[in-house]
Amino acid sequence: FAVQSEIPIAQDAAPGPEGNPSPKLAVMGAIVRREAVDFYQKAAESASIGLSALGWLPEANLRGLDFCGAIGENEAMAVVSVRPDEIGIDVVQNGRVLFSRGAVVPLPAPGDASPGPFIEAVSIELVRSLHSYSGLSLPPPVSLLVTGSTGHEKAVADAVQKVGFLQHTEL
């Protein structure tokens, strides 16, 4: 598609700090069929609610895990996506997203010496999510993958493993 025409200046000429050319930045995009968006818009309209956005992260996580063979056949995996202002908790199995939930859990302030309250809040939201999921009578997750780039992912995985709740997978 015509991404270049949407950028007002040439990529190589874009100024960086102090007028130097900025380093190249890899950008990933997604293309979604119009029919998929229309489906969700119609569902929202029929429920008399407004649709402000559609998120495709659970589907993207599933596709990535399938591609690298991280999920065993007929095994459900819990995926926690740690982002700066929220977390996403998904359960995936056999090429399907079985459950998805988001929760607002802000990162600790820069320079905050203890991420403990943040790790605890993420763990609580994970337990809440999996408790809700268990009411659906679907296969329980047997492993956990924590994703993100906040620097707290390993601590979240370790905290969950200490409780003995799920074994975490490292990719």
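Helices (H or I, at least four residues) and strands (E, at least two) are taken as DSSP runs and numbered from the N terminus. The structure is a predicted model, in which local features need pLDDT of at least 70 and side-chain atom pairs count only at pLDDT 80 or more, while totals for chains, interfaces and linings use all residues. Residues are numbered from 1 along each chain as its sequence is written, and side-chain values use heavy atoms, with hydrogens and water left out.

The chain contains 5 helices and 5 strands, arranged from the N terminus in the order α-α-α-β-β-β-α-β-α-β. Of its 171 residues, 29% are buried (under 20% relative accessible area; exposed is over 50% and partly exposed lies in between, with a 1.4 Å probe and protein chains only). Among contacts (heavy atoms within 4.5 Å) with a separation of 6 or more, 49% are formed by residues 24 or more positions apart.

Strands β2 (residues 87–93) and β3 (residues 96–103) run antiparallel and are joined by 7 bridges, where pairing requires at least two DSSP bridges between two strands. Glycine 88 lies opposite glycine 102 of β3. The hairpin of β2 and β3 has 2 residues between the strands, and asparagine 94 adopts a positive phi near 45° there.

Helix α4 (residues 116–134) includes serine 129. Serine 129 has a relative accessible area of 0% and is therefore buried. Beyond residues up to four places away in sequence, serine 129 touches Ile89, Phe99 and Arg101.

Proline 140 belongs to the loop between α4 and β4 (141–148). With a relative accessible area of 59%, proline 140 is exposed. Its contacts, neighbours within four places in sequence set aside, are with Ala76 and Tyr133. The C-alpha atoms of proline 140 and leucine 130 are 8.5 Å apart, at a sequence separation of 10 residues.

A nonpolar surface patch of about 510 Å² is formed by Val32, Phe39, Tyr40, Leu51, Leu54 and Trp56. Patches consist of residues with over 30% relative accessible area and no salt bridge, joining like charges within 9 Å and nonpolar side chains (Val, Leu, Ile, Met, Phe, Trp, Tyr) within 5 Å; a salt bridge is a side-chain nitrogen of Lys or Arg within 4 Å of a carboxyl oxygen of Asp or Glu. Phenylalanine 39 is located in helix α2 (residues 34–46) and is exposed, at 54% relative accessibility.

Methods:
Accessible areas come from the Shrake-Rupley method with a 1.4 Å probe; for residues, only the protein chains shown count as cover.
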